[in-house]
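This report goes through a single protein chain, from its overall make-up to selected side-chain pairs. The sequence and the coordinates come first.

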Amino acid sequence: MINILSKQVAELISAGEVVERPVSVIKELVENSIDANAKRITVEIKNGGKSYIRISDDGSGISHEDVPKAFIRFATSKISTKEDLDRIITLGFR
């Protein structure tokens, strides 16, 4: 389930990363696949990732109900309180 962080908790972290190169996008998406317990991950790119990037995996997906919340700033399924920040064991917040 995806939670919307309180302003207090959101201010304790920097949610999101600056994407400087296509490889940064690929890294983030592969980490998401690993966090979703994917056993198979396929990376497809064209033009060095500048014109096309697709990551496919067999990991567990997001529930239909959580999709709209996934695009809200400071939405995450990993933390709800500031104490949770010390217990994160995944590669990414989602």
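The sections below cover the basis of the values, the fold, the salt bridges, the surface patch and the aromatic rings.

## Basis of the values

This is a predicted model, in which local features need pLDDT of at least 70 and side-chain atom pairs count only at pLDDT 80 or more, while totals for chains, interfaces and linings use all residues. Residues are numbered from 1 along each chain as its sequence is written, and side-chain values use heavy atoms, with hydrogens and water left out.

## Overall make-up

The protein chain has 2 helices and 4 strands, and their order along the sequence is β-α-α-β-β-β. Helices (H or I, at least four residues) and strands (E, at least two) are DSSP runs, numbered from the N terminus. The C-alpha trace spans about 40 × 25 × 25 Å along its principal axes.

Of the 94 residues, 21% count as buried. Buried means under 20% relative accessible area, exposed means over 50%, and partly exposed lies in between (1.4 Å probe, protein chains only). The accessible surface of the chain comes to about 7,000 Å², and 53% of this belongs to carbon and sulfur atoms. Accessible areas come from the Shrake-Rupley method with a 1.4 Å probe; for residues, only the protein chains shown count as cover. Among contacts with a separation of 6 or more, 50% are between residues 24 or more positions apart, a contact being heavy atoms within 4.5 Å.

## Salt bridges

The count comes to 3 salt bridges, each defined as a side-chain nitrogen of Lys or Arg within 4 Å of a carboxyl oxygen of Asp or Glu. Glu31 and Lys27 form one of them, at 2.8 Å from N to O. These two residues are about one helical turn apart, because they lie 4 residues from each other in helix α2. Glu31 is buried at 14% relative accessible area, whereas Lys27 is partly exposed at 44%.

In the pair Glu44 and Arg54, the closest N and O atoms are 3.0 Å apart. This pair links distant parts of the chain, with Glu44 in strand β2 and Arg54 in strand β3 (residues 52-57), 10 residues apart. Glu44 is partly exposed at 28%, and Arg54 is partly exposed at 41%. Lys69 and Asp66 also meet in a salt bridge, at 3.5 Å from N to O. Lys69 is partly exposed at 26%, while Asp66 is buried at 8%. Asp66 lies in the loop between β3 and β4 (75-76). Leaving aside residues up to four places away in sequence, Asp66 touches Met1 and Ile2.

## Nonpolar surface patch

Ile34, Ile41, Val43, Ile45 and Leu91 form a nonpolar patch on the surface, with about 410 Å² of accessible area together. Patches are made of residues with over 30% relative accessible area and no salt bridge; like charges are joined within 9 Å, and nonpolar side chains (Val, Leu, Ile, Met, Phe, Trp, Tyr) within 5 Å.

Strand β2 (residues 41-46) gives the most to this patch, with 3 residues. Ile34 is found in helix α2 (residues 22-35) and is partly exposed, at 44% relative accessibility.

## Aromatic rings

The charged end of Lys46 sits over the ring of Tyr52, 4.7 Å from its centre. The criterion is NZ of Lys or CZ of Arg within 6 Å of the ring centre and within 35 degrees of the ring normal.
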